[in-house]
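Please keep the sequence and the structure in view while reading.

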Amino acid sequence: MNRWLNHFESCKQDCISVNAHSSNSVNQLLGFAELKLKEAISKEPTLLIMLVGVPNVGKSALINSIHRIATSRFPVKDKKKRATVGPLPGVTQDIAGYKIATQPSIYVLDTPGVLVPSIPDMETGLKLALTGAVKDSVVGEERIAKYLLSLLNIRKTPLHWERLLHREEELCEEICSSDKKDNSLRRKRLNNSDAVYVQDLVSEVQRTLCRTFLNFTGNTVEESELETLIDMQLVALRKVFRIPHKPFDETQGPTSKKLLTLFRSGKLGPFILDDLPDASEN
């Protein structure tokens, strides 16, 4: 995010970072917009603000937050309309307007996601697919998941999660040294394959990727050996996600789908995006 801020600053373009789920952050955005519209507000009775971006980056979620805050600041009699949101690209099918203020009337237009007419190369296409900007069905969930794992392994991201393996060993020792009262509860805590909470699942995924990475004796620089490691990780993750193995089914579609969902939730940790190229490169 900081790289993008620096990039737009270098281009002499206004830029502000926003968390669509933080009222304080969205309030700052509204203040920023009012500042930029100050001169126009004195001349125009109605103003339109257009929200534009690539698919699936949270435009509709941001509009709903703006609408909620603006309505509390500028009460309107009309029933509030909400933008439809969803985890996949293409939820917004047409241009819709939402009134966020009166005197003067200010409307925000929520627009369908837009992309460049043609994607220049496969790497860029895979990056867009990984973020969810392109529908998974276009590229294939398994192919996208393998691309994600290749990035993690090449950057040695799983090594950042080695502390979780040590924590698992410490937990084992704590349970073994304690009395056997409530032992069934402790076993359930230890058995992360039966994790109930998302954070437990995240930790188990991170541990699994770290364990397979450490146990792998091949050279990840070699493409064929990297593919072998990725296949091993997908097989291991199938057990973590508790996906039953079907005879004669060697595909990793369900495992890939769950891994991508977890990644896009942002819960796998900040280390995943540590080594992205400068914003100006793509």
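## A covered strand

Strand β3, made up of residues 105-110, is mostly covered, with five of its six residues buried. The model that shows this is a predicted one.

Strand β3 has strand β1 (residues 46-51) as a pairing partner. The two run in the parallel sense, and six bridges link them.

## A residue on helix α4

Helix α4 covers residues 59-73, and R68 is part of this helix. Is R68 buried, exposed or partly exposed? Its relative accessibility is 44%. Buried would require a value under 20% and exposed a value over 50%, so R68 counts as partly exposed.

R68 can also be placed relative to I100. Along the chain these residues are 32 positions apart, while 8.3 Å separates their C-alpha atoms.

## The chain as a whole

How many helices and strands does the secondary structure of the chain come to? There are 12 helices and three strands. The chain has 282 residues, and 35% of them are buried.

Contacts can be sorted by how far apart the residues lie in sequence. Taking contacts between residues at least 6 apart, 59% are between residues at least 24 apart.

Conventions
Residues are numbered from 1 along each chain as its sequence is written. This is a predicted model: local features need pLDDT of at least 70, side-chain atom pairs count only at pLDDT 80 or more; totals for chains, interfaces and linings use all residues. Side-chain values use heavy atoms; hydrogens and water are left out. Helices (H or I, at least four residues) and strands (E, at least two) are DSSP runs, numbered from the N terminus. Buried means under 20% relative accessible area, exposed over 50%, partly exposed in between (1.4 Å probe, protein chains only). Contact means heavy atoms within 4.5 Å. Two strands pair if DSSP finds at least two bridges between them.
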